[in-house]
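Have the sequence and the 3D view open as you read.

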Amino acid sequence: MAAHGMTLDVAAWASPWRTRSVRDKAVLAGGLLVAAVALPAWPGGLLAGLASLVLLVGPAGLGWRRLGRISWLPLVSILIGVATVAVSVSWDGGVRLAVTPSGLTTAGGLAGRALAAVLAMFLLAATTPMADLLAGLRALRVPDPLIEIAALVYRLTFGLLESLGSIHEAQAARLGYATRRAAMSSAAMASTAIFLRSWDRASRLEAGLAGRGYEDSLRTISPPKRRSTAFLVASLALIGAIGTAAAVWAVVAP
Amino acid sequence: MHIAEGFLPAAHAVAWFAVSTPFIVHGARCVIKESREHPDSRLLLAAAGAFTFVLSSIKLPSVTGSSSHPTGTGLGAVLFKPPVMAFLATIVLLFQALLLAHGGLTTLGANVFSMGIAGPWVGYGCFVLARRLNWNVNVGVFLALAMADLATYVVTSLQLGLAFPDPVSGLAGSMAKFLGIFAISQLPLALAEGILGVLVFRVLTDVARPQLERLQVLRASKLAVA
């Protein structure tokens, strides 16, 4: 899971849209996400999903391979859920499973909506590093202590994930996961070690920062972000066009 | 176990945000108050959040032959209390959505309610009940973690059942379907997480007793009087 997480984070830091303002990207991705969830799957959801896909592999520079690597987990979740919705259950005269036309229709719409929403969410997650998103939340006047804790969670996470990887490797080399019993014991030891390391690192970080006069918030300098009115207008036009197409379809379609 | 991005209809997504918001705001206020009164606790709360996030990367063996990962919210509730966990779980779920594509932004409210509110409160309630009944602390920890996991699983199934009632058997049939599907991984996971919690807690009691006393999870040791 750690490597999978790194893929999305690495993509965000390397994105050609990294220097775009968070506001611009949030309007585009948020608008497409709302369109994907709020509009009927056909054609609104489909159009929102297609637009997100084209933007991701095109100007946002994610690439098909990286998109595949970050997509498998949500795809599996969606598949399990959609299959469950597609099958109907009844218990008159014993438990019976059946596939009904209405179940299939609901499942089809659900699959389209969820896929479109995942792609729209990627448009934000794969182009905007967490540090930028947290800075954006600060601009929205979310209280400093909450932003600080979220930022520290983010910073501590990577060191701890690396520690967890090393611990797991060392345990596996000593046959720590050879049997179910050994695996449970190894997982417990790894959890404990991570708890103690997170505590120790936080204490040392606190001592170091206190020595440097840390009292309120940890402000860092981030590269200047490009605000583009043209990008914003184009984003709103795209979302408006998708909404209009969905409304026209609802009127025209029988 | 999280509901994937876009899986809930818009009205349900909004409703679960509305239900979760008071708990998140209350948790955030507790965190702000704590960090103003004790500035050093800010880093320890961050450590707790990072620990909960990383815990979801630890694979546990499952009876189905595959592996699952702990939610970490039961242990978090015992160590840091449920209101704080509502806020920390929101951060962790947000990070899981944006860094791991696990869960989602539109389903954040529903996922926070199941994993950050229902799970921790049920788990913490079991822990407190076990302590009041003077049961062994390990029994309390096992119940807290296992029941937090089960509560998360049942509430998630209810959320999905409400969103997608079965065309033939309605809400009951839909819930039965989701409970049945998730039982394959969640029932063994709840037991595994309970056992894992007991093992972790025993080691913590040996090597991190001062921290547990400071968190008021264990009663402070009395100094021996010569």
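Let's start with helix α1 of chain B, whose buried residues are B:His12, B:Ala13, B:Trp16, B:Ser20, B:Phe23, B:Ile24, B:Gly27, B:Ala28, B:Val31 and B:Ser35. An α-helix has 3.6 residues a turn, so residues three or four places apart point the same way.

This is a predicted model: local features need pLDDT of at least 70, side-chain atom pairs count only at pLDDT 80 or more, and totals for chains, interfaces and linings use all residues. Residues are numbered from 1 along each chain as its sequence is written, while chains are lettered from A and ligands numbered from 1 in the order in which they are written.

**Around α1(B)**

What covers those buried residues? Helices (H or I, at least four residues) and strands (E, at least two) are DSSP runs, numbered from the N terminus.

α1(B) also has a bend of about 35° at B:Ser20, with a proline, B:Pro22, following within four residues. That angle is between axes fitted to the seven residues ending there and the seven starting there. The end C-alpha atoms of the helix (residues 10–37) are 40 Å apart, which agrees with the 40 Å that its 28 residues should span at 1.5 Å a residue.

**Where the chains meet**

Contact (C-beta atoms, placed from the backbone, within 7 Å) links 70 residues of chain A with 58 residues of chain B. On the chain A side, α8(A) gives the most, with 18 residues. Here's that side by class:

| Class (chain A side) | Members | Residues |
|---|---|---|
| Nonpolar | Ala, Val, Leu, Ile, Met, Phe, Trp, Tyr, Cys, Pro | 47 residues |

**Chain A as a whole**

Chain A has nine helices and two strands, running α-α-α-α-β-β-α-α-α-α-α along the sequence. Of its 254 residues, 38% count as buried. The C-alpha atoms of chain A fill a box of roughly 70 × 60 × 35 Å along the principal axes.

An automatic or database domain assignment divides chain A into domain 1 (2–128 + 227–252) and domain 2 (135–211). Taken over C-alpha atoms, the centres of these two domains are 31 Å apart.

Terms used
Two residues are in contact if their C-beta atoms, placed from the backbone, lie within 7 Å. A residue is buried if 20 or more other C-beta atoms lie within 10 Å of its own, exposed if 12 or fewer, and partly exposed in between; C-beta atoms are placed from the backbone. The expected span of a helix is 1.5 Å times one less than its number of residues.
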